[in-house]
Amino acid sequence: MATLLYRLGRFSYRRARLVIIVWVLALAAALGAGIGLGGQTDETFSIPGTESQVALDQLNALFPAVAGASAQAVVVAPEGASVTDEALRDEIEVLVDELEAVDGVDSVLGPFDEFASNQVSDDETIALVRVQLVGASSDVSEATLEALIATAEAIDARVEFAGQVFQDTTVGLTVTEVLGLLFAGAVLVITFGSLRPAWMPLATALIGVGIVMGGILALAAVLPVSSSAPLLAVMIGLAVGIDYALVILSRHRGQLARGMDAQESAAVAVGTAGSAVVFAGATVIIALLGLLVVGVPFLSVMGVGAALAVLVAIVGAVTLLPALLGLAGAKIAPKEGSRAWKRAHPTASTGPTMGRRWVRGVMKRPVLTTLSVVAVLGVLSIPAFSLDLNLPDGGSEPAGSTQREAYDLIAEGFGPGTAGPLLVTLDITQTTDILDDLADIRAELEGVDGVASVSPGIPSPGLETAIFQVAPETAPDDPATKLVVADLRELAPEIEAEFGTPLAVTGVTAIGIDISTRLTNALVPFGLVVVGLSVILLMAVFRSVLVPVKAALGFLLSVGTGMGVTVAIFQWGWGAELLHAEPGPILSFMPIILMAVLFGLAMDYEVFLVSGMREEFVRTGDPRQAIEDGFANGARVVTAAALIMFFVFASFVPEGAGLIKPIALGLAVGIAVDAFVVRMTLGPALMTLFGRAGWWFPPLLNRLLPDLDVEGEQLRHHRDHREWAAQQGDAVIVAEGLRLSGSDARLDLVATPGSRVDLVGDAATRRLVGATLAGYLPIAGGRAVIADAVLPSEAGRASRRVTLVDVSGDRLAPSVTIGALVSERMALAAGYPRAPRRVRRWLGRLAATVDALGVDAQAIRDPESGVVALDARRRALVLAAVATLDATAVIVLDHRDDALSAADIDLADALVQRLAPPSVVRVWGREPGSAVSPAATTIVLDADASTIVLDADASTIVLDSTPALADRSDVS
């Protein structure tokens with residue numbers, strides 16, 4: 001992966017303007033789609049399969065008049081007056097008429113209508129007008145809501161409106177988020193010690209966030225998207241976008257300070273630090289996509305949207321950032337003598353850095369440090385055990401809004417439960433005395449503890465179902481209301497047995513309770529899936545068992561602290577007024593979102609710090625010195641990254657949307673605790689206690705798990721090989737100590753442009769060597785460069801520069817004609833379109849060349865001639881000639897033993913020389929005992945030889961090959 005990212009960084013640097021233009025066009029397209037489609041967010045929470053959702057779906061089908069969206073107009077009598085006064089009753093009638101005239105209103109039930117129930121408060125100061133709208137909440141237009149609110153102007157009395165349709169679903173950013181970006185910019189300037197590079201991480205993050213926002217808003221036009229989804233994506237996208245670019249840019253500037261070429265430095269930074277970024281981002285994406293296992297649609301959309309933001313941030317860090325570096329060139333290199341320059345030259349500094357002093361202090365007292373951290377964070381996590389989850393209702397709306405005023409008035413005049421009533425549905429298809437049964441069932445419902453009132457049962461027009469509106473004594477977000485719902489459901493079997501009417505509890509309040517229950521039950525399996533997958537990934541990266549376990553346990557302390565502080569403020573009310581928050585239950589999906597995001601980001605810091613420690617341990621073998629050096633090298637970047645994330649998340653707390661505030665606070669606290677306490681304090685202390693055992697890895701796991709090479713070890717080898725390849729001049733093939741898989745043989749070879757190499761040995765071994773040179777088989781050791789493609793790191797490039805062909809043609813079908821073979825090769829290999837005229841013209845050239853070599857080419861001239869029908873010599877000539885259409889730098893030609901004579905091979909080689917460019921190197925396979933060509937460098941694959949012998953007179957190389965290799969016949 002590091003080598004691939006290295007090439008990607010180099011390409012982006014060299015094609016800076018092209019890459020930037022592509023990103024700008026992507027931003028314009030995404031924003032254009034989002035604005036053009038005009039997607040609106042939707043706060044209609046639902047979970048398919050729950051009792052409340054199933055009952056609501058049945059109401060939609062059988063009794064749509066009561067299943068759709070609804071609203072309440074709350075009329076307040078002036079002080080000293082009563083809503084029953086004749087003048088005020090007349091005004092309420094006017095209000096009812098105005099509401100009925102609004103487009104999108106299905107029906108209106110006034111407080112004094114015949115079927116009105118419990119719509120006038122006991123003190124007669126408040127009256128409720130119930131409004132039934134057409135369709136679900138997501139179907140109600142802004143124009144309808146504005147028209148509803150405008151009806152209040154028709155009367156003099158005070159009117160407020162309540163209902164889920166009035167919840168604020170706009171996606172807005174406030175000035176505090178801008179301040180968060182300014183704080184992040186200040187941290188970047190301090191970190192780099194210069195303004196010039198500081199804007200680059202901000203630019204990449206903002207462009208990435210713009211693309212994601214446009215995509216989510218466009219998606220909202222066809223799918224239900226919560227208003228929290230784009231805000232969460234913005235928050236996470238900004239944080240990780242800035243951090244990932246910061247890590248790569250810091251590595252780049254350090255390399256520039258040490259004198260590395262700017263282009264090479266950008267590519268190396270993307271290959272090394274970029275590998276850590278890709279892996280760290282992958283853990284965040286895994287954690288966010290883990291929300292899909294919860295089975296909650298709106299939460300899945302949030303997770304996918306946030307994961308998309310992280311993915312775009314990763315791509316931006318490894319493509320857009322190096323493009324910006326390409327425009328800047330060497331101008332962003334630290335000036336000699338500056339702090340940034342001294343950090344890149346530790347020997348130039350007179351004293352240890354703050355990070356080194358900190359880790360030395362931690363390592364001196366690892367036991368005391370560990371116990372202190374665990375104790376403090378454990379205490380801060382205590383409030384999390386009293387976590388109370390619920391969905392937002394009117395009581396969580398901003399103070400002063402019409403929906404909050406209406407909610408408070410209803411709670412004051414009718415009881416808190418009336419503001420969020422329950423709907424009890426009955427299947428009445430099996431009852432014969434509907435009205436009497438409904439009256440008796442109403443009495444049963446009124447006897448349930450915690451029920452304040454029950455409305456008369458209302459049957460549907462088709463008499464399939466009936467509903468009761470049940471008002472609990474407690475507010476919708478009160479834990480006691482959950483007990484009322486549970487008691488009503490426990491009553492269902494008894495009512496069904498007595499009356500034959502299956503009962504279900506639904507409504508907004510019941511759906512919210514079911515969602516909270518589902519999310520609470522999903523926390524443990526979600527945590528096991530996400531943490532389990534990430535621990536496996538960490539094992540693959542660090543080749544350690546204890547390091548991933550330590551990382552996962554440290555995460556538990558971080559998430560516990562984040563939840564504990566959030567509960568203390570948003571649920572207990574400690575300092576809530578400072579954050580403009582209303583104490584109450586915690587948002588149902590806050591814990592699972594917090595776990596997903598925080599786990600991924602926590603692993604970022606684990607990777608950035610511990611990868612440096614492992615790199616030093618692999619280099620020195622001293623675990624204690626590796627902790628100190630690795631920490632000192634990464635501490636500054638991790639500190640800056642954590643501060644940036646903290647400021648970004650914290651900026652969404654004071655004036656942010658009510659749904660996002662608890663999540664933002666939990667993330668801000670969790671990030672600060674995880675970075676500075678868990679990773680930078682507890683982590684080094686535990687690593688000191690582990691000692692060398694911290695890097696123990698069972699051999700079985702070492703074989704099973706892939707080596708992800710986050711430290712870029714393979715990239716370093718690749719760069720060394722590239723530097724060696726550059727010293728080989730114009731040689732097309734250079735092999736130095738090249739060992740074949742399954743053999744101890746070594747091959748040293750230099751083939752200059754236009755030269756010929758003969759491989760003499762059994763067919764299986766010849767093909768093994770050819771496939772290795774072509775990059776199709778891994779090498780066992782050594783290195784080689786094939787037409788500027790380095791083995792083993794650029795095997796893919798080598799395969800595109802080498803053509804392998806069996807000139808015997810034994811595998812060709814009898815029906816294959818010369819014309820079809822040439823046409824197919826031109827279309828697939830040479831990139832030409834299929835054109836009979838071009839095929840005939842090329843065949844004419846081939847026939848003329850063959851004639852010039854003294855061979856009758858009549859059969860070759862006809863495109864309809866079968867290839868297999870040709871004699872062995874002409875067949876070899878045709879297949880060798882077709883191989884030149886690939887236009888590769890190396891052609892490896894082999895044949896069945898005894899199929900061709902030495903003269904036939906020389907003839908085919910002469911044909912290739914005439915048709916291919918002069919610089920092409922030809923590698924021929926020859927059977928043992930065949931005559932040596934004086935025009936070729938001959939490599940004898942001798943199974944009995946023990947050394948490599950170069951005969952200068954015969955230009956012969958004897959390649960040692962073990963008997964086991966020589967006996968292989970399965971290589972094709």
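## A helix pair and a sheet

Helix H10 (residues 262-289) packs against helix H20 (residues 590-620) at an angle of about 160°, their axes lying 7 Å apart. That angle makes H10 roughly antiparallel to H20 (a term for angles over 145 degrees). Their crossing is right-handed, meaning that the near helix is turned clockwise from the far one by less than a right angle. Among the residues that meet are Ala276, Phe279 and Leu288 in H10 and Val597, Met603 and Phe608 in H20. The residues of this contact divide into 13 nonpolar, three polar and one charged. Contact means heavy atoms within 4.5 Å.

This is a predicted model, in which local features need pLDDT of at least 70 and side-chain atom pairs pLDDT 80 or more, while totals for chains, interfaces and linings use all residues. Residues are numbered from 1 along each chain as its sequence is written, and side-chain values use heavy atoms, without hydrogens and water.

Now to the sheet: four strands form an open sheet in the order E13-E12-E15-E16, with antiparallel pairing (strands pair if DSSP finds at least two bridges between them). E13 and E16 stand at the edges with a single partner strand each, so one side of each is left without a neighbour in the sheet.

| Strand | Residues |
|---|---|
| E13 | 746-751 |
| E12 | 733-740 |
| E15 | 779-786 |
| E16 | 789-791 |

Five bridges join E12 to E13, and Ala735 has Leu749 in E13 as its bridge partner. Helix H25 (residues 763-773) lies across E12, E15 and E16, running at about 120° to E12.

Technical notes. Axes are lines fitted to C-alpha atoms, for helices over the stretch in contact, and angles run from 0 to 180 degrees between N-to-C directions. Helices (H or I, at least four residues) and strands (E, at least two) are DSSP runs, numbered from the N terminus. Angles under 35 degrees count as roughly parallel, over 145 as roughly antiparallel, 65 to 115 as roughly perpendicular and the rest as oblique. Ala, Val, Leu, Ile, Met, Phe, Trp, Tyr, Cys and Pro count as nonpolar, Asp, Glu, Lys and Arg as charged, and the others, Gly among them, as polar.
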